[in-house]
Amino acid sequence: MKKEVALGLGLGILFFALLQGLDVLPLLLVGILLYVFYERGGLKVLRRHLGHDSTETTLTPITFQQVGGQQTAKKELQEALDFIKTDEKAATLGIKPLKGILLTGPPGTGKTLLAKAAATYTDAVFLSVAGSEFIEMYAGVGAQRVRGLFQRARHLAAQNHKRTAVIFIDEIDVLGSKRGQYQGHMEYDQTLNQLLAEMDGIKSSTNIKILVIAATNRQDMLDPALLRPGRFDRVVRVDLPDKEGRHQILKLHTNNKPLADDVDLTAIARATFGFSGAHLESLANEAAILALRENSSVIMQRHLIESIDKVSLGEKLDRRPHKEELWRIAVHEVGHAVVSEKVRPGSVAALTIISRGQALGYTRQIPKNDSYLYTETYLRAQLKILLAGLVAEELLLGSGSTGAQGDLEHAVSIVKKMIQAGMSSLGLISVNDTSNACLQEAISEILNQEKQETKRILQEQRSHVVALAHKLMEKERLEGEELRASLSQKRLAADSNSKTEKVLAV
Ligand code: ADP
Ligand code: MG
Ligand code: ZN
């Protein structure tokens with residue numbers, strides 16, 4: 001809109017100047033320059049209209065063997081693809097061809113990789129686009145691009161003498177969000193309608209089959225029309241890899257790298273709970289960079305271990321806290337870790353006092369698998385874990401520090417969720433109609449309850465906390481297993497003590 005106005009105004013001025021008999025050449029040049037600057041984005045649109053779009057078509061053949069883990073996803077996907085490979089047989093049985101497969105799951109888990117493998121498996125040409133590429137400021141462009149995409153797929157397949165074309169649409173939630181939710185943004189709806197129309201138009205009778213594979217990490221956002229039969233009627237979940245999957249992915253991404261004899265990929269797989277395939281790939285890469293920095297010709301286990309933190313937190317900071325500060329950080333982190341083990345046994349992946357990125361120290365929790373629903377018990381446990389850093393500092397060092405600021409902010413956001421879900425003493429309320437003072441009171445009530453409980457746990461574990469903080473000072477990093485071993489060992493020692501005492505008493 002603004003652009004048209006500016007253009008009109010510019011032309012008007014130019015015309016006026018011309019009428020006045022002025023030399024318009026410099027004005028014209030400036031105008032053209034401004035226009036080109038303004039239109040750099042627009043020029044791209046123009047190029048796309050002419051067909052030189054950024055759609056990826058070159059296929060470096062990726063096979064299912066190159067996708068680590070994801071056994072279930074691979075199996076389901078292959079099953080679906082077998083229908084397409086043996087479509088004549090399927091047709092004689094009256095089976096309708098499969099038109100769309102939706103891959104859902106967190107980013108970096110290998111959805112793109114799986115789509116490419118699917119194309120190789122079916123011997124298809126592969127076209128890949130991102131949902132965001134369809135969203136333009138000009139009405140109708142998105143829909144037109146969808147049409148063009150399907151045309152291009154058919155054309156490319158014919159050109160390459162292939163019988164199948166796989167169209168991969170990444171981030172489909174961008175264009176496939178529930179219709180009518182963007183007010184005044186008919187564009188999204190038109191684009192989605194066009195996609196639905198194209199998918200409905202895919203027929204088994206034509207000699208070139210088109211399979212649409214889409215990926216999203218927000219299935220809940222999708223317009224239900226997309227999931228109706230005959231569209232994306234096969235949904236394949238691509239989850240974060242489990243331990244075995246992580247091991248396989250690590251093997252895949254290290255097989256072109258020289259590994260030292262001490263490397264134990266199983267241990268790395270165990271310590272990387274919650275990592276996606278993309279994380280693991282960058283972990284392998286970071287380890288190689290660390291080895292290179294040290295002029296080592298092979299990657300050693302410690303390079304891999306250090307990369308775990310680097311991938312999850314960022315580069316190590318040069319600034320080293322002084323000894324007193326370090327002790328505080330150790331106490332703080334051990335507080336988190338011990339309470340975490342007490343309220344959710346087996347939940348600590350690792351803890352460290354090596355400062356990285358934004359964090360002075362860090363306790364990595366093994367995330368809960370299901371991340372859509374949280375129970376009150378889980379949230380209250382999480383609150384205790386968050387408050388434990390501060391409480392440990394208060395308990396052992398007499399006072400807290402600003403190091404707990406982030407923890408507190410996080411805790412408050414959890415409490416707010418709880419209040420909204422009716423888990424506070426306010427009961428079921430409309431948060432918007434409740435006074436701030438009232439909300440504040442409810443927030444601090446929950447926080448104080450959990451703080452008391454955390455204090456109780458840590459007082460009980462005081463000797464463990466001190467011993468573990470010393471250990472952390474010395475080793476700088478403790479794995480979850482070491483923490484658990486040390487916690488249970490001491491308990492055993494205490495138990496056997498009391499046993500001997502009993503024995504003595506008897
Ligand atoms: P997504 O599309 O799910 O966001 P990608 O397929 O784009 O994830 O993965 C990004 C990168 O991470 C890939 O190029 C690949 O190197 C690596 N990766 C992710 N998952 C796997 C996996 N299961 N096996 C091997 N590599 C993987
Ligand atoms: Mg991707
Ligand atoms: Zn903390």
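## Ligand 1

A polar contact is a pair of N or O atoms within 3.5 Å. In this predicted model, G108 supplies such a pair through its backbone: an N or O atom there lies 2.7 Å from an oxygen atom of ligand 1. T112 contributes through its side chain, where an N or O atom is 2.7 Å from an oxygen atom of ligand 1. H253 faces a nitrogen atom of ligand 1 instead, with a polar side-chain atom 2.9 Å away.

Ligand 1 has 16 residues around it. The nearest of these are G68, G108, K111, T112 and E281.

## Helices 4 and 6

Two packed helices are described by the angle between their axes and the distance between the axes. Helix 4 spans residues 71-85, and helix 6 spans residues 111-121. Their axes come within 10 Å and cross at roughly 35 degrees. The crossing is right-handed.

Helix 4 brings A73, K74, L77, Q78, L81, D82 and K85 to the contact. Helix 6 brings L114, A118 and Y121. By class, this contact has 6 nonpolar, 1 polar and 3 charged residues.

## Helices 12 and 13

Helix 12 covers residues 277-293, and helix 13 covers residues 301-313. They pack at an angle of about 125 degrees, with axes 8 Å apart. Helix 12 is therefore oblique to helix 13. Helix 12 passes helix 13 in a right-handed crossing.

On the helix 12 side, the contact is made by H279, S282, L283, E286, A287, L290, A291 and R293. On the helix 13 side, H303, L304, E306, S307, I308, K310 and V311 take part. The residues divide into 7 nonpolar, 4 polar and 4 charged.

## Helices 14 and 17

Helix 14 runs over residues 323-343 and helix 17 over residues 436-460. The two axes come within 10 Å and cross at roughly 100 degrees. Angles of 65 to 115 degrees count as roughly perpendicular, so helix 14 is roughly perpendicular to helix 17.

From helix 14, the contact residues are G335, V338, V339, K342 and V343. They meet T454, I457 and L458 in helix 17. This contact has 5 nonpolar, 2 polar and 1 charged residues.

Technical notes: Residues numbered from 1 in each chain as written. Chains lettered and ligands numbered in written order. Predicted model: local features only at pLDDT ≥ 70, side-chain atom pairs only at ≥ 80, totals over all residues. Heavy atoms only, no water. Axes fitted to C-alpha atoms, helices over the stretch in contact; angles between N-to-C directions. Helix = DSSP H or I, 4+ residues; strand = E, 2+ residues; numbered from the N terminus. Parallel < 35°, antiparallel > 145°, perpendicular 65-115°, else oblique. Left-handed = near helix turned anticlockwise from the far one by under 90°. Contact = heavy atoms within 4.5 Å. Nonpolar A, V, L, I, M, F, W, Y, C, P; charged D, E, K, R; others polar. Near = heavy atom within 4 Å. Polar contact = N/O pair within 3.5 Å; in protein donor to acceptor, adjacent residues only side chain to side chain.
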